[in-house]
Amino acid sequence: MTTTAEDRTRPHAHAPEHTPRMNMAKLAPEAYKAVLALETASTKGLDPSLVELVKIRASQINHCAFCLDMHTKDAIAAGESVERIVQLGAWEESRHFYTEKELAAIELTEAVTVLTDGFVPDEVYEKAAAHFEERELAQLITVIATINVWNRFGVATRMVPGHYRPGMYKS
């Protein structure tokens with residue numbers, strides 16, 4: 001959202017938009033394209049709604065505002081409910097909004113994203129393995145790893161949320 005002079009004079013004006021630090025796509029195009037290729041490959045064979053939930057949850061954990069903007073808009077455009085997106089931040093207390101398979105993916109997303117304990121617990125991995133075929137599980141882990149790369153690009157370079165339109169980066 002761009003702030004105008006008129007917005008700044010109103011008593012409840014929004015804070016000004018921050019400036020991005022750099023444009024990764026322009027400054028490191030080979031790396032950017034490699035992650036983009038990994039992104040495309042990672043989602044093959046997985047339910048698009050599940051993929052967006054995973055991307056949103058990792059982005060919440062990593063505080064990546066740009067990715068939250070992008071993936072919530074993509075999820076809504078793909079038919080995901082606002083209610084399920086809103087509840088994702090408190091999924092443990094709103095489990096009834098999600099399938100057991102989705103819950104296993106969300107829990108695995110948290111374990112892979114937050115590696116402060118140094119590992120993904122066996123019970124979390126086994127729960128996911130019970131809901132996903134081995135190839136799907138490999139794809140899911142790749143989706144989680146890839147969104148974490150994008151989150152780190154977004155946070156480190158201070159990508160600006162609010163301007164994304166669903167599908168704008170698809171060729």
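This is a predicted model: local features need pLDDT of at least 70, side-chain atom pairs count only at pLDDT 80 or more; totals for chains, interfaces and linings use all residues.
The protein chain contains 9 helices and 0 strands. From the N terminus on, its elements run α-α-α-α-α-α-α-α-α. The radius of gyration is 17 Å, close to the 16 Å that the globule rule gives for 171 residues, so the chain is as compact as a globular protein of that length. Along the principal axes, the C-alpha atoms fill a box of roughly 55 × 40 × 35 Å. Of the contacts with a separation of 6 or more, 69% join residues 24 or more positions apart.

Buried residues make up 37% of the 171 residues. The accessible surface of the protein chain comes to about 10,100 Å². Carbon and sulfur atoms account for 57% of this surface.

A search of the whole structure finds 4 aromatic pairs. In one of them, the rings of Tyr 32 and Trp 150 have centres 5.2 Å apart and planes at 70°. An angle over 60° counts as edge-to-face, so this pair falls in that class. The pair links distant parts of the chain. Tyr 32 lies in helix α3 (residues 29–42), whereas Trp 150 lies in helix α9 (residues 134–157), 118 residues apart. Tyr 32 is partly exposed, at 24% relative accessible area. Trp 150 is buried, at 13%. Ring pairs link Tyr 32, Trp 150 and Phe 153 into a cluster.

Another pair joins Tyr 164 and Tyr 169. Their ring centres are 5.6 Å apart and their planes stand at 35°, so the pair is tilted. Tyr 164 is buried, with a relative accessible area of 6%. Tyr 169 is partly exposed, at 47%.

How values were computed:
Residues are numbered from 1 along each chain as its sequence is written. Side-chain values use heavy atoms; hydrogens and water are left out. Helices (H or I, at least four residues) and strands (E, at least two) are DSSP runs, numbered from the N terminus. The radius of gyration is taken over C-alpha atoms; the globule rule is 2.2 Å times the number of residues to the power 0.38. Buried means under 20% relative accessible area, exposed over 50%, partly exposed in between (1.4 Å probe, protein chains only). Contact means heavy atoms within 4.5 Å. Accessible areas come from the Shrake-Rupley method with a 1.4 Å probe; for residues, only the protein chains shown count as cover. Rings of Phe, Tyr and Trp (its six-membered ring) pair if their centres lie within 6.5 Å; planes under 30 degrees apart count as stacked, over 60 as edge-to-face and the rest as tilted.
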